[in-house]
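Please go through the briefing below with the sequence and the model side by side. The points are grouped by topic.

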Amino acid sequence: MKVEDLNASRSAYHLLDVREDDEWQAGHIAGAQHVPLGQLAVRLAEVPAGRTVVAVCRSGHRSGIAARGLAARGIPAENLDGGVEAWAKAGYPLRTPGGEPGRV
């Protein structure tokens, strides 16, 4: 999924950030859920049903793995092309957990 498409219809999707904690702390897309990729299999029950999941990481590699894994378990999922790097490059904001402006 392209960042422009996600931004235009964010309420239709559940954002799942699969980056490591230090990356999440530096900056993430507001409203995203944080579950590091290495924990996703054991925390799958925390991912809400009812909306397509858009997996997010720094560049799109780890989130691609997550999206394929979710889809294999019957959970509708897509990957955010280019990850938070593409999101920030497009001019969309990142936030820290405290609500301050974030960074990639």
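His-34 is found in strand β2, which covers residues 33-34. In this predicted model, His-34 has a relative accessibility of 15%, and because the cut-off for buried is under 20%, the residue counts as buried.

- A polar atom of the His-34 side chain lies 2.8 Å from the backbone oxygen of Arg-19.
- Arg-19 is also among the residues in contact with His-34 once neighbours within four places in sequence are left aside.
- Strand β2 pairs with β1 in the parallel sense, over two bridges.
- Gln-33 of β2 is the bridge partner of Leu-16.

**The sheet**

- Which order do the strands take in the sheet? Four strands form an open sheet in the order β2-β1-β3-β4, and the pairing is parallel.
- β2 and β4 are the edge strands, each of them pairing on one side only.
- Strands of a sheet pair through backbone hydrogen bonds, in either a parallel or an antiparallel arrangement.

**Strand β1**

- Strand β1 (residues 13-17) and β3 run parallel and are joined by five bridges.
- Within this pairing, Leu-16 stands opposite Ala-55 of β3, and Asp-17 has Val-56 of β3 as its bridge partner.
- Is β1 enclosed or open? Five of its five residues are buried, so β1 is largely enclosed by the rest of the structure.
- In a regular strand the side chains alternate between the two faces of the sheet.
- In β1, Tyr-13, Leu-15 and Asp-17 point one way, while His-14 and Leu-16 point the other way; all are buried.

**His-14**

- His-14 is found in strand β1 and, at 9% relative accessibility, counts as buried.
- Leaving aside neighbours within four places in sequence, His-14 is in contact with Gln-33, Val-47, Pro-48, Arg-51, Thr-52, Val-53 and Val-54.

- Four of the five residues of strand β3 (residues 52-56) are buried, so β3 is largely enclosed by the rest of the structure.
- Strand β4 (residues 77-79) pairs with β3 in the parallel sense, over three bridges.
- Glu-78 in β4 is the bridge partner of Val-54.
- From β3 the chain crosses through helix α3 (residues 61-72) to β4, and this β-α-β crossover is right-handed.

**Ala-71 in helix α3**

- Ala-71 has its place in helix α3.
- Is Ala-71 buried or partly exposed? At 44% relative accessibility, Ala-71 counts as partly exposed.
- Ala-71 and Leu-40 are 31 residues apart along the chain, and their C-alpha atoms are separated by 13 Å.

**The chain as a whole**

- The secondary structure comes to four helices and four strands.
- Read from the N terminus, the elements run α-β-α-β-β-α-β-α.
- The radius of gyration is 12 Å, close to the 13 Å that the globule rule gives for 104 residues, so the chain is as compact as a globular protein of that length.
- The C-alpha trace spans about 35 × 25 × 20 Å along its principal axes.
- Of the 104 residues, 40% count as buried.
- The accessible surface comes to about 5,300 Å², and carbon and sulfur atoms account for 50% of it.
- Among contacts between residues at least 6 apart in sequence, 58% join residues at least 24 apart.

How values were computed: Residues are numbered from 1 along each chain as its sequence is written. This is a predicted model: local features need pLDDT of at least 70, side-chain atom pairs count only at pLDDT 80 or more; totals for chains, interfaces and linings use all residues. Side-chain values use heavy atoms; hydrogens and water are left out. Buried means under 20% relative accessible area, exposed over 50%, partly exposed in between (1.4 Å probe, protein chains only). Two strands pair if DSSP finds at least two bridges between them. A crossover is right-handed if, with the strands pointing away from the viewer, the path from the first strand over the helix to the second runs clockwise. The radius of gyration is taken over C-alpha atoms; the globule rule is 2.2 Å times the number of residues to the power 0.38. Contact means heavy atoms within 4.5 Å. Accessible areas come from the Shrake-Rupley method with a 1.4 Å probe; for residues, only the protein chains shown count as cover. A polar contact is a pair of N or O atoms within 3.5 Å; within protein, one must be able to donate a hydrogen and the other to accept it, and residues adjacent in sequence count only if both atoms are side-chain atoms.
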